Amino acid sequence: MSQKMSNSISFIIPISNGEVFLSNQDRIFSQQSELDNQFILVLDSLADSTKEEIVNSLKDDQRDILIVECEEKTAGGARNFGLNYVNRNWIVFCDSDDEPHIYNYERAVKKYPGNSIIIGEFEVFSKKTSNYRRIKNTKNTSRNVSQMIFNPGLWRMVFPANVVKKSFFAHSNMGEDQSFLIDVLREKNIKIIFESSIFYRYVVDQSFQLTNNTEALDTLPISIAKSTNLLSEIEVPEFKMISKMLIGRMTLTSFTRRQMSNYDFKTKLRLFLI
């Protein structure tokens with residue numbers, strides 16, 4: 001395998017809303033790449049007309065774009081399906097409505113060894129206010145880890161494929177990112193590296209996002225249960241602490257959207273730090 005191929009990336013992009021992807025695809029595919037990357041588009045439960053429109057929009061693109069179909073109907077299930085088609089040494093998970101900064105991912109995989117999870121910075125862009133906010137990494141690893149609890153942002157991470165392909169997402173529309181990360185952290189020899197460049201632009205305040213969907217929220221306990229079961233298999237103390245706090249965060253989110261107003265501050269804190 002050539003150096004160019006070994007350091008290239010498989011980008012897995014689940015698409016459950018074809019119209020959103022079509023309106024955003026130029027921000028993904030207009031970017032120039034230095035590496036021979038792979039783009040896996042997972043069309044999850046889309047209408048035939050939408051599938052055809054996506055295929056036609058990319059038919060002249062010369063890059064390695066693989067379009068596959070599934071009927072998973074969850075973000076976690078669609079990502080698991082996409083993992084079956086990975087043929088590069090690094091993996092990035094993207095959402096179809098956001099903007100990955102492909103060049104910065106490429107620079108990172110050239111720079112770091114293949115047993116690392118590389119975590120970049122990201123921008124939050126509000127559709128409502130048109131404001132940007134940059135979430136920075138610092139030289140303080142503990143502080144970076146504590147920030148991950150509130151928004152781990154799987155999409156701003158680059159994973160080694162040989163590690164990731166041993167893991168899988170919970171079949172859930174919420175919390176599946178956290179449960180997947182906890183699954184990956186069972187690997188004893190993995191390293192976490194925080195990079196100071198922006199990997200991703202995360203778009204918020206969109207009506208179709210799952211954070212506004214109560215049915216999606218109802219799938220969160222699936223991710224919590226999967227994560228809790230994996231906790232005993234994590235041997236690295238720092239990774240175990242990250243995982244415990246991520247589980248606590250998911251539990252808090254589950255309560256917050258329904259009945260957290262019934263709890264006092266100390267109870268909320270206890271739930272967060274289970």
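K51 lies in helix α3 of this predicted model, and with a relative accessibility of 12% the K51 residue falls under the 20% cut-off and therefore counts as buried. Leaving aside residues up to four places away in sequence, K51 touches L43, L46 and E69, of which L43 falls within strand β2, residues 38-44, and E69 within strand β3, residues 64-70.

The helix that carries K51 spans residues 48-58, and its buried residues are T50, K51, I54 and L58. These four cover an arc of only 105 degrees around the helix axis, which is why they stand on the same side of α3. On the other side of α3, by contrast, D48, S49 and E52 are exposed. As for what the buried residues of α3 pack against, the partners are strand β1 (9-15), helix α2 (18-29), strand β2 (38-44) and strand β3 (64-70).

Two packed helices are described by the angle between their axes and the distance between the axes. For α2 and α3, the axes come within 10 Å and cross at roughly 15 degrees, and because this angle is under 35 degrees, α2 counts as roughly parallel to α3. The crossing in which α2 passes α3 is right-handed. On the α2 side the residues that make the contact are G18, E19, F21, L22, Q25 and F29, and on the α3 side they meet T50, E53, I54, S57 and L58. Sorted by class, this contact of α2 with α3 has five nonpolar, four polar and two charged residues. T50, I54 and L58, which take part in the contact with α2, also belong to the buried residues of α3.

By class, the contact of α8 with α10 has two nonpolar, three polar and three charged residues.

Is S196 buried or exposed? Its relative accessibility is 53%, and because this is over 50%, S196 counts as exposed. Even so, S196 has contacts with residues elsewhere in the sequence: when residues up to four places away are not counted, it touches E121 and R134. S196 and G120 are 76 residues apart in sequence, yet their C-alpha atoms are 6.2 Å apart in space.

These local views belong to a chain of 274 residues, of which 55% count as buried, and in which there are twelve helices and nine strands. How much of the contact within the chain comes from residues 24 or more positions apart? Among contacts with a separation of 6 or more, such residues account for 79%.

Methods
Residues are numbered from 1 along each chain as its sequence is written. This is a predicted model: local features need pLDDT of at least 70, side-chain atom pairs count only at pLDDT 80 or more; totals for chains, interfaces and linings use all residues. Side-chain values use heavy atoms; hydrogens and water are left out. Buried means under 20% relative accessible area, exposed over 50%, partly exposed in between (1.4 Å probe, protein chains only). Helices (H or I, at least four residues) and strands (E, at least two) are DSSP runs, numbered from the N terminus. The arc is that of the directions from the helix axis to the C-beta atoms. Contact means heavy atoms within 4.5 Å. Ala, Val, Leu, Ile, Met, Phe, Trp, Tyr, Cys and Pro count as nonpolar, Asp, Glu, Lys and Arg as charged, and the others, Gly among them, as polar. Axes are lines fitted to C-alpha atoms, for helices over the stretch in contact, and angles run from 0 to 180 degrees between N-to-C directions. Angles under 35 degrees count as roughly parallel, over 145 as roughly antiparallel, 65 to 115 as roughly perpendicular and the rest as oblique. A crossing is left-handed if the near helix is turned anticlockwise from the far one by less than a right angle, and right-handed if clockwise.
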